[in-house]
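Please look over the sequence and the structure before reading on.

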Amino acid sequence: MWLFVLPLLVVIADQFSKYIVVENMALGQSVPIIEGIFHLTYILNPGAAFGMFAHSRLFFIGIAVAVIGLIIWARKEILASPWEVKCGAGLFLGGAVGNLIDRARQGVVIDFFDFRVWPIFNIADIAICIGVGLIIWNLLKTELKRG
């Protein structure tokens, strides 16, 4: 479940939310949800987080494929790990696939959550960050127990 259902749910939520944005907003349009704090702003991101390494499509596709391959290769170890690692890997996998679909299809990633003080992001980005956070949390807990 952790490495199939959870990533699938992330990909469905990510791609569906992007579809809704593309179908209902003009590129660059910003709709305030909480004025000055949270907006939905439709942009196309040619880079990674914070727009870094813009227009490096093949590099990001290669990284995503490598991450997916690594998770598949390590699946037995992941599934034998604590829930934080299983859940973290599932979220990370789903987020990587969600953004990979965008990059493979159109060369850019659709972003739309805009908190005005942070770069605009999407559901796949949230899943990746939470997934990595859970894995790091587990590593820290394990190290702290060792003393």
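What pLDDT does the protein average, and what share of the residues score at least 70?

## Confidence

The model is predicted. The protein has an average pLDDT of 93, and 96% of its residues score at least 70. Confidence is highest in helix α1 (residues 5–24), with a mean of 98. It is lowest in helix α2 (residues 57–73), where the mean is 92.

## The second largest pocket

The second largest pocket holds about 200 Å³ of space. Helices α2, α3 (75–79) and α4 (83–106) are the elements that each give two or more residues to its lining. Among the lining residues are Val67, Leu70, Ile71, Glu77, Ile78, Val85, Phe92 and Ile135.

What is the make-up of this lining in terms of nonpolar, polar and charged residues? Nine of the lining residues are nonpolar, one is polar and one is charged. Ser81 and Glu77 both belong to the lining; by the classes used here, serine counts as polar and glutamate as charged.

The structure contains five salt bridges. One of them joins glutamate 84 to lysine 141, with 2.5 Å between the closest N and O atoms. Because glutamate 84 lies in helix α4 and lysine 141 in helix α5 (residues 123–146), the pair ties together parts that are 57 residues apart in sequence.

Are the two partners buried or exposed? Glutamate 84 has a relative accessible area of 2%, so this residue is buried. Lysine 141 is partly exposed, at 29%.

## Other salt bridges

Arginine 116 and aspartate 114 also meet through their side chains in a salt bridge, at 3.4 Å from N to O. Aspartate 114 is buried, with a relative accessible area of 7%, whereas arginine 116 is partly exposed, at 41%.

Glutamate 143 counts as partly exposed, with 46% relative accessibility. Arginine 146 counts as exposed, with 64%.

Which residues are linked in a network of salt bridges? Asp14, Lys18 and Asp102 are linked in this way.

Notes:
Residues are numbered from 1 along each chain as its sequence is written. This is a predicted model: local features need pLDDT of at least 70, side-chain atom pairs count only at pLDDT 80 or more; totals for chains, interfaces and linings use all residues. Side-chain values use heavy atoms; hydrogens and water are left out. pLDDT is the predictor's confidence in each residue, from 0 to 100. Helices (H or I, at least four residues) and strands (E, at least two) are DSSP runs, numbered from the N terminus. On a 1 Å grid over the protein atoms alone, a cavity is a set of points where a 1.4 Å probe fits but cannot get out, and a pocket is an open set with protein on both sides within 12 Å along at least five of seven lines; lining residues have an atom within 4 Å of a point. Grid points are joined across faces, edges and corners, and a volume is the space filled by probe spheres set on the points. A salt bridge is a side-chain nitrogen of Lys or Arg within 4 Å of a carboxyl oxygen of Asp or Glu. Buried means under 20% relative accessible area, exposed over 50%, partly exposed in between (1.4 Å probe, protein chains only).
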